[in-house]
Amino acid sequence: MSLSLVTLFLLSIMVFLGGQVLPGNVGRAILGPFADQRAVDALNHTLGVDRPLLTQYATWIWKFVRGDMGTSYIFRSPVAPFVIDALGNSMKLAAVAFVLVVPIGILGGVVAALNLNRPLDRIISLGGLSVTVLPEFVTGIILILIFGVWLRWLPISAAWPKDAGFFTQLYYLILPSLPLFLVLFGYIARMARSGMIEALDSDYTRTAVLKGLPWRTVIWRHVLRNALLPTITVIATQTGYLIGGLVVIETLFRYQGIGSLIFTAARGKDFPMLESGILTIGIVYAVATLIADFLYSVLNPRIRLGSDQ
Amino acid sequence: MSAVQTPSPAQDDTRRRSPLAEVLFSLMRSRTFLVGLFIVLFWVACALFGEHFAPYDPLADDIINALAPPSREHWFGTDQIGRDVFSRVIVGSRDILTVAPLATLLATVAGTALGLLTGYFRGIVDDVVSRILEAFMAIPVVIVALLAIVALGTSKATVIVVIGLSFAPIIARTVRSAVLAERELDYVAAAQLRHESAFHTMFVEILPNVIPPILVETTVRLGYAIFAVATLSFMGFGIQPPSPDWGLSISSNYGMIGGGFWWTVLFDALAIASLVIGVNLAADGVHGALND
């Protein structure tokens, strides 16, 4: 948890430097090269960019914490509603990907471990590994071609019609969530597999088998629980990856999520939007890490919150 | 590579092949490595000599024949301004195969230096730097790239620096853990007793002995660098037009795939996929050969 706070802090510094310091004269950038110098100075003063860096940083963070994310340069309206809307959309997409990948990935890893070194294991391990190394937009394009263009089973854009219900939205989200699914499947299945192998090989499993418990009970009660622990860590650490993946996938599928929001903001040099978008992502990451730590301690009998380890 | 064969005096060279030959020998017997190497070399050849055997000029447009499906004249069809997709795919390997290796090289040099420093000195500096690097690793490359490119503008150099610096901490972590093990060995103590400078001990004594893990990490990173370069080009933040780069071609053509013009993107996508998988197979082979 403390580490993810450091990440968040680093990210805020980078966003601050990238968005407010490095681009140079903000007033000049907004008003253009032909604007009067006095107008530029006045605008810089209004925006507060002529004050010391530390003050600027503190003001920026303080405003952000209070929910004031500034005004978009492009839309000329407050940033916060855009960010909140986009975050909601991204969460839908990420939720679909996670709901699909977590059980299937774990199942894949468990099946692979139970069939260790047999063909089924090879197929799952190698298949998972190969799709994991491919860029999301490459698998995305190939999936669009297969399911959207050739088979015509799924829509190629994630922009659903207005007032679409839950199931229509879900239908539009399947294709965009598949590239994320493929990348995450490899990681989760691999961790579940190695966790499972380790658990199967452990003394407590041998004890459970030797004391005559049925195989099914051994797997459910003893092996699976211990095999899942590293998997949870992976799921948490992949949130960071997932966010990077969202930027690409949302762009590819023209989905109005936080990834495409910061992408559009970056292209349009809409700094308040870009900064708020990225900082929001950082907070989501920190929270996800916290939740994973908590889940880990709940599931792991060796760690309890409040104990000294 | 020469560093790998630095023989320890005690080693009996008469019975065994040198360590380098040993590694090469097992690499040549690794089917994974050879398949990967073959794919990579194919694309390297395309990057170097592609223009000479591409049937058309990859940049020459031919509006009358725009969006022609694959045919005998145009094996992979033509794109929206009539450029030959086959020629573009062949020559399109050039930019990604310059940018990605350079980024990996930067990451390796910076990461090795950082890893040696933190691993050798340990203490508070190591604690602080390692923590910061670890926290930095959690930030996706795409986000770092977006920020850097907004602040510095788009250029190949920006892409190289962004990917290089994003990957450096990962290499640093690998090097650091290798150095932590090495620095307890007698030869390091001997160097310290000889009052060698810290610089000499790190870069002349320890570095040659941690080359194998660095080599493995570098080949793995090359795969990710290709991943990252392709992605950034697709996002419009990497290689710029009119380059026939694969990611860039996909980004300028995928808007039309709803119309059924699959050939304008499929071959570029397969090219990226093959190169990434090729590098990963080779990396896997190197990993296997060095960890035997």
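Glu196(B) is partly exposed, at 28% relative accessible area; partly exposed lies between buried (under 20%) and exposed (over 50%), using a 1.4 Å probe and protein chains only. Its salt-bridge partner is Arg194(B), at 3.1 Å from N to O. Arg194(B) is also partly exposed, with a relative accessible area of 47%. A salt bridge here means a side-chain nitrogen of Lys or Arg within 4 Å of a carboxyl oxygen of Asp or Glu. Side chains of opposite charge can pair when their charged atoms come close.

This is a predicted model, in which local features need pLDDT of at least 70 and side-chain atom pairs count only at pLDDT 80 or more, while totals for chains, interfaces and linings use all residues. Residues are numbered from 1 along each chain, chains are lettered from A in the order written, and side-chain values use heavy atoms, without hydrogens and water.

Another pair in chain B is Arg122(B) and Glu184(B), whose salt bridge spans 3.6 Å from N to O. This pair links distant parts of the chain, 62 residues apart: Arg122(B) sits in the loop between helix H4 (93–121) and helix H5 (123–137), and Glu184(B) in the loop between helix H7 (156–182) and helix H8 (186–193). Helices are DSSP runs (H or I) of at least four residues, numbered from the N terminus. Arg122(B) is partly exposed, at 37%. Elsewhere in chain B, a network of salt bridges links Asp79(B), Arg83(B) and Arg88(B).

In chain A, Asp203(A) and Arg206(A) form a salt bridge, with their closest N and O atoms 3.8 Å apart. Both belong to helix H9 (residues 203–210), and because they are 3 residues apart there, about one helical turn separates them. Asp203(A) is exposed at 56%, whereas Arg206(A) is partly exposed at 48%. Over all chains, the count is 13 salt bridges.

Conventions: Helices (H or I, at least four residues) and strands (E, at least two) are DSSP runs, numbered from the N terminus.
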